Amino acid sequence: MNPLKRWRWWAVLALPVAVIALNSFGPDGWRDPLVKLIWLSWTAICVALAHSARKALFDYAHGREAWLKAIQHPIGAGLAFLGLCFLAGVLVLAFTGFARAQPVPAAAQTLAPLVGQEIDQHWPQAPRRSYVGALIEKESCITLEHPTCWSTAARLKTSREEGAGLGQITRAWGASGALRFDALAETRAMDPQALQELSWDNVYTRADLGVRAILVKLRDCHRRFERLGIADDMARLAFCDAAYNGGLGGVQQERQLCALTAGCDPAQWFGHVERHSNKSRAKWQGYGASAFDINRAHVRATVLLEPRRWRYAQWLGV
């Protein structure tokens with residue numbers, strides 16, 4: 001029988017492929033409710049792959065024949081049929097495990113309850129809780145196995161700049177040695193009561209304050225864009241991530257550039273504001289990428305469901 005005429009092939013292969021293909025276009029804002037369906041689709045594809053692998057490995061073993069013979073002689077043919085089912089089950093588990101593999105750093109698993117608690121207390125309206133985990137990973141993890149990954153001890157220090165802790169809170173000095181800016185002081189001023197204990201003396205030891213500072217900074221940014229009329233959660237998330245990495249003033253300038261360009265919507269990041277910037281396109285020495293490339297890559301690495309957010313959805317929520 002032609003397999004294309006059988007409903008099971010369409011159910012476990014064609015329809016899931018269509019869903020996954022649809023999900024691959026653009027940011028995942030309106031698609032978050034479909035997350036479970038997407039992974040169900042991947043699982044269905046795994047079933048199809050397992051079935052194909054079983055047929056390829058044992059082309060001489062036919063489940064239909066075994067089933068028919070099992071009706072006539074239950075013992076021998078029945079055991080053969082159960083063997084085929086067992087093999088198919090093992091293959092399904094193997095393929096599904098590969099599709100769902102999302103390594104989570106051990107330190108992230110330890111801190112996840114704290115992060116969830118801080119979100120509930122200081123920003124329960126956070127539009128994408130998993131984004132907080134993705135941001136911490138992006139800021140603190142050189143690799144997922146690095147000792148400072150998800151560690152309050154994460155530090156980036158040069159002669160002019162220091163980035164500290166889970167969120168790489170930054171301060172910088174000018175050529176004369178005078179303090180040029182202090183993001184810790186700026187963030188603390190956004191919510192003096194919640195961050196009254198935060199200081200440069202404990203930024204490398206207090207995980208709760210480090211996470212709280214991230215949330216306060218993001219919350220303040222989201223409120224600013226809400227007042228500007230940006231109603232789309234994903235757009236605000238993208239704008240605020242770009243601001244977290246490159247500064248709020250730069251994002252506002254980029255929105256203005258977008259507004260002056262025909263066909264560009266200053267209320268949308270992906271495909272619109274992200275294409276317009278005065279940031280340098282020249283590669284920074286020691287970084288291998290320009291300020292523009294670093295900023296845009298930061299947004300796509302943390303705001304979209306893949307590659308990082310999905311890793312933390314099971315711990316923090318989508």
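Buried means under 20% relative accessible area, exposed over 50%, and partly exposed in between, calculated with a 1.4 Å probe on protein chains only. The legends below describe a predicted model, in which local features need pLDDT of at least 70 and side-chain atom pairs count only at pLDDT 80 or more, whereas totals for chains, interfaces and linings use all residues. Residues are numbered from 1 along each chain as its sequence is written, and side-chain values use heavy atoms, with hydrogens and water left out.

**View 1. Confidence along the model.** The protein has a mean pLDDT of 84, and 77% of its residues reach 70 or more; pLDDT is the predictor's confidence in each residue, on a scale from 0 to 100. Residues 27-33 have a pLDDT below 50, and in the model this stretch has 19 contacts beyond near neighbours in sequence, a contact being heavy atoms within 4.5 Å.

View 2. A search of the whole structure finds three disulfides, each defined as a pair of cysteine sulfur atoms within 2.5 Å. With bonded cysteines counted along the chain, the disulfides follow the pattern 1-2, 3-4, 5-6. In this view Cys141 is joined to Cys149 with an S to S distance of 2.0 Å, and the link is right-handed, with 75° about the S-S bond. Cys141 and Cys149 are both buried.

View 3. Ser140 belongs to helix H6 (residues 129-140); helices (H or I, at least four residues) and strands (E, at least two) are DSSP runs, numbered from the N terminus. With a relative accessible area of 4%, Ser140 is buried. Its side chain reaches the backbone nitrogen of Trp150 at 3.0 Å. Leaving aside neighbours within four places in sequence, the residues in contact with Ser140 include Thr148, Cys149, Ala154 and Leu166.

View 4. Cys221 and Cys240 are joined by a disulfide with an S to S distance of 2.2 Å. Cys221 lies in helix H8 (residues 207-227) and Cys240 in helix H9 (residues 233-246), so the pair ties together parts that are 19 residues apart in sequence. Because the torsion about the S-S bond of Cys221 and Cys240 is about -100°, this disulfide is left-handed. Both Cys221 and Cys240 are buried.

**View 5. The disulfide of Cys258 and Cys264.** Here the sulfur atoms of Cys258 and Cys264 are joined at an S to S distance of 1.9 Å. The torsion about the S-S bond of Cys258 and Cys264 is about -105°, so the disulfide is left-handed. Cys258 is buried, as is Cys264.

View 6. Four strands form an open sheet in the order S1-S2-S3-S4, with antiparallel pairing; two strands pair if DSSP finds at least two bridges between them. At the edges are strand S1 (155-157) and strand S4 (179-182), each of which pairs on one side only. On average, and with direction ignored, neighbouring strands of this sheet are turned by 10° against each other. Strand S3 (residues 169-173) pairs with S4 in the antiparallel sense over three bridges, and Trp173 stands opposite Leu179 in S4. Helix H7 (residues 183-190) lies across S3 and S4 and runs at about 40° to S4, where axes are lines fitted to C-alpha atoms, for helices over the stretch in contact, and angles run from 0 to 180 degrees between N-to-C directions.

Conventions. A polar contact is a pair of N or O atoms within 3.5 Å; within protein, one must be able to donate a hydrogen and the other to accept it, and residues adjacent in sequence count only if both atoms are side-chain atoms.
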